[in-house]
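Here is a short report on packing inside one protein chain. It starts with aromatic rings and moves on to the core.

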Amino acid sequence: MEGEPTRIIVAVNESTIKGYPHASISSRGAFEWSVQKIIRSNTSGFKLLFLHVQLGFVDDSISFDDMDSIYASPEDFRRMQHRDKVRGLHLLEYFVNRCHEIGVACEAWIKKGDPKEVICREVQRVQPDLLVVGSRGLGPFQRVFVGTVSEFCVKHAECPVITIKRRADETPEDPVDD
């Protein structure tokens, strides 16, 4: 429809090096690339849709990130869920603030589950014009053990997908880190 902004989902995640609320190198790169190469100065012609997927259990309701032991109380689980949600909101806040600084419309939300599956499910639900994901640029050996969300999305997302590789000067000592 003419006059409607081009809607781009940008999948974002936290830094494995710095943790929440810091965005990963790949997420920041995907966002900055989208702004510089796609949006450019046409800020009113686009809407960025930021999706952050937090790992969850099979029922997508409980996250055991950064946990040393399993707690027995239901209140402990509610506190962990609240903590994870707050951390995710702080991560998304970075991207939302950047969009407001440059004048690009945006939305942001959090889902739980397997990132590659949730991203593809959200693409099917939201029906964006484009999906942009960061890529760590792992070699074939590392991909066997780590797998890649970006490769899965290229194969399975129901829209065009652009993967943005990290710049060589941004790659940490261990390329699995981000």
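Is Phe-50 buried or exposed? Phe-50 is buried, because its relative accessibility is 0%. Buried means under 20% relative accessible area, exposed over 50%, and partly exposed in between, with a 1.4 Å probe and protein chains only.

This is a predicted model; local features need pLDDT of at least 70, side-chain atom pairs count only at pLDDT 80 or more, and totals for chains, interfaces and linings use all residues. Residues are numbered from 1 along each chain as its sequence is written, and side-chain values use heavy atoms, without hydrogens and water.

**Aromatic rings**

The structure holds 4 aromatic pairs. Rings of Phe, Tyr and Trp (its six-membered ring) pair if their centres lie within 6.5 Å; planes under 30 degrees apart count as stacked, over 60 as edge-to-face, the rest as tilted. Two of the pairs are tabulated here.

| Pair | Centre to centre | Plane angle | Type |
|---|---|---|---|
| Phe-50 and Phe-95 | 5.2 Å | 25 degrees | stacked |
| Tyr-94 and Phe-95 | 4.9 Å | 80 degrees | edge-to-face |

Phe-95 is buried, at 0% relative accessible area. Tyr-94 is partly exposed, at 30%. Phe-31, Phe-50, Tyr-94 and Phe-95 form one aromatic cluster.

**Nonpolar core**

The largest nonpolar core has 21 residues. Such a core is a set of buried Ala, Val, Leu, Ile, Met, Phe, Trp, Tyr and Cys residues joined through side-chain atoms within 4.5 Å. Val-10, Leu-48 and Phe-50 have the most contacts inside this core. Apart from it lies another core, of 16 residues, including Ala-11 and Cys-153.
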